[in-house]
Amino acid sequence: MDYQFYDTYSNTKKIFTPLDSSNVRMYVCGPTVYDYAHVGNARPVIVFDIVYRMLQLKYGADHVTYVRNITDVDDKIIEASNSLNEDISSLTKRTINYFHDDASYVGALEPNVEPRATDHIPEMIDIIEKLIEKNHAYEADGNVLFAVNTFDKYGNLSGKSLEDLIAGSRVEVADYKKNPADFILWKPSKAHEPGWDSPWGKGRPGWHIECSAMSEKFLGQSFDIHGGGQDLTFPHHENEIAQSEACNNKKFANFWMHNGFLSIEGEKMSKSLGNFITINDLKNSYQGEVIRFNMMLTHYRQPLNWTEKSLQDSKKTLDKWYKILDKHDHPLTRKNELISDKILNALADDVNTPQAIAELHQLYKVASDGDIKALESFYNSCQFLGILTSDYNSWSSWKSKTNDIDENLINKLIEKRNEARNAKDFAEADRIRDELLDMDVILEDRDNKTTWKLK
């Protein structure tokens with residue numbers, strides 16, 4: 001069975017043929033670790049987890065390498081560190097743990113490699129030096145920039161001319177740039193910012209060079225699939241292509257796969273609109289499989305409208321499907337050969353999860369009538385997609401944390417803690433924080449306000 005994936009670079013759906021079937025390689029842009037992952041961040045985690053499972057099934061788990069990086073040096077991280085008055089290493093360590101918990105919660109397999117940007121500064125410096133030698137980059141005021149006019153394929157991924165890209169995007173205006181679209185490879189570090197020694201002085205890498213360096217180290221100069229959210233197409237992925245191909249004179253990635261945008265109840269997610277939802281927030285009310293299933297109801301390339309109703313409907317479907325595990329006493333074991341061909345055909349057609357779920361509904365009907373073969377196929381197909389991975393008793397006994405909370409008590413304790421802080425009785429303030437933590441309540445102090453969420 002051939003897989004067909006939509007390649008953003010060529011704007012066509014093509015048969016996937018790996019560069020080396022004994023070493024199939026995929027790189028996906030991972031999180032920038034400064035806060036909890038929001039529901040939009042979870043979409044590529046789930047989408048490319050399914051692609052990873054497909055590649056493992058076809059080529060064998062030992063022949064697939066999935067790399068998902070962690071950006072742990074970035075302007076947003078520095079801003080969050082300053083705002084929280086927390087050491088950057090402490091902030092990134094804590095946030096990485098949050099991300100791992102969230103990814104596990106939605107049923108994502110661990111990638112084979114999860115490199116962190118700060119562990120690969122020498123590789124980044126090496127690429128930058130090569131780009132300077134080849135006249136693709138230049139130094140200015142302690143910065144090193146990529147000269148976009150030296151790369152004639154710039155804009156091919158996004159399908160726009162350089163002029164259109166400059167006009168339609170937020171480019172940093174700086175006197176030291178030869179071209180407004182030239183982008184940072186290396187920048188000087190300010191006082192109290194993380195920095196590393198380099199030929200251009202103490203500084204830190206630009207965002208784009210991080211992924212070029214990490215993908216090359218673990219996957220080589222050319223690899224099969226580069227994935228990420230649609231929002232990364234420009235400038236991040238466009239810039240990755242430019243710097244990597246200019247450095248190595250080789251095609252960077254064979255396929256570019258991008259998942260679509262996500263909105264909340266028909267609106268763009270925004271803290272100012274009060275509709276900013278993290279995976280950690282959703283843990284209070286829904287099992288991880290509900291979040292995963294709800295994501296799969298929309299094709300990965302299409303816009304996804306995240307609603308409370310769709311979550312509730314997804315929960316009802318999985319409640320119904322789990323009951324079949326309790327109804328039948330037939331022993332069910334994981335066997336890939338029992339995965340439905342119709343479901344695999346749907347996935348082979350550019351990861352068509354809505355069609356795969358439609359096929360699952362049909363299998364469920366047949367299995368409900370007592371067909372054991374259909375039951376085994378239904379069970380194994382669900383397992384392959386990362387759902388029905390628990391047992392009926394565990395699923396049915398799960399309770400929403402929100403059913404047990406006492407918001408009045410929490411708010412009173414927060415008020416008492418604030419009074420203690422104002423009185424500089426920090427021991428009492430810490431005691432109240434610990435009391436709330438025992439109730440699975442996490443406090444966040446920001447901008448002279450205290451908010452809370454459940455662990």
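Predicted model: local features only at pLDDT ≥ 70, side-chain atom pairs only at ≥ 80, totals over all residues.

Modeller: Residues are numbered from 1 along each chain as its sequence is written, and side-chain values use heavy atoms, with hydrogens and water left out.

Colleague: Why is Asp102 called buried?

Modeller: Buried means under 20% relative accessible area, exposed over 50%, partly exposed in between (1.4 Å probe, protein chains only). Asp102 has 3% relative accessibility, so it counts as buried.

Colleague: Where is Asp102 found, and which residues is Asp102 in contact with, leaving aside neighbours within four places in sequence?

Modeller: Asp102 is in helix 3, residues 88–105. Helices (H or I, at least four residues) are DSSP runs, numbered from the N terminus. With those neighbours left aside, Asp102 is in contact (heavy atoms within 4.5 Å) with Tyr36, Ala37, Ile279, Asn280 and Lys283.

Colleague: What makes a set of residues a nonpolar core?

Modeller: The members are buried Ala, Val, Leu, Ile, Met, Phe, Trp, Tyr and Cys residues, joined through side-chain atoms within 4.5 Å. The largest such core has 73 residues, and Phe5, Val39, Trp306 and Trp321 touch the most other members. Helix 1 (residues 39–59) gives the largest share of this core, 12 residues. Another core lies apart from it, with 39 residues, among them Met124 and Leu131.

Colleague: What makes a space a cavity?

Modeller: On a 1 Å grid over the protein atoms alone, a cavity is a set of points where a 1.4 Å probe fits but cannot get out; lining residues have an atom within 4 Å of a point. Grid points are joined across faces, edges and corners, and a volume is the space filled by probe spheres set on the points. By this rule there are two cavities of 30 Å³ or more.

Colleague: What volume does the largest cavity have, and how does its lining divide?

Modeller: Its volume is about 70 Å³. The lining has seven nonpolar residues, three polar and one charged. Ala, Val, Leu, Ile, Met, Phe, Trp, Tyr, Cys and Pro count as nonpolar, Asp, Glu, Lys and Arg as charged, and the others, Gly among them, as polar. Helix 1 gives the largest share of this lining, four residues.

Colleague: Which residues line the second largest cavity?

Modeller: Ala37, Asn41, Ala42, Val45, Phe99, Asp102, Ala103, Val106 and Ile279 do. About 50 Å³ of space lies in this cavity. Helix 1 and helix 3 each supply at least two residues of its lining.

Key
1 Å grid on protein atoms, 1.4 Å probe; cavity = no way out; pocket = protein on both sides within 12 Å on 5 of 7 lines; lining within 4 Å.
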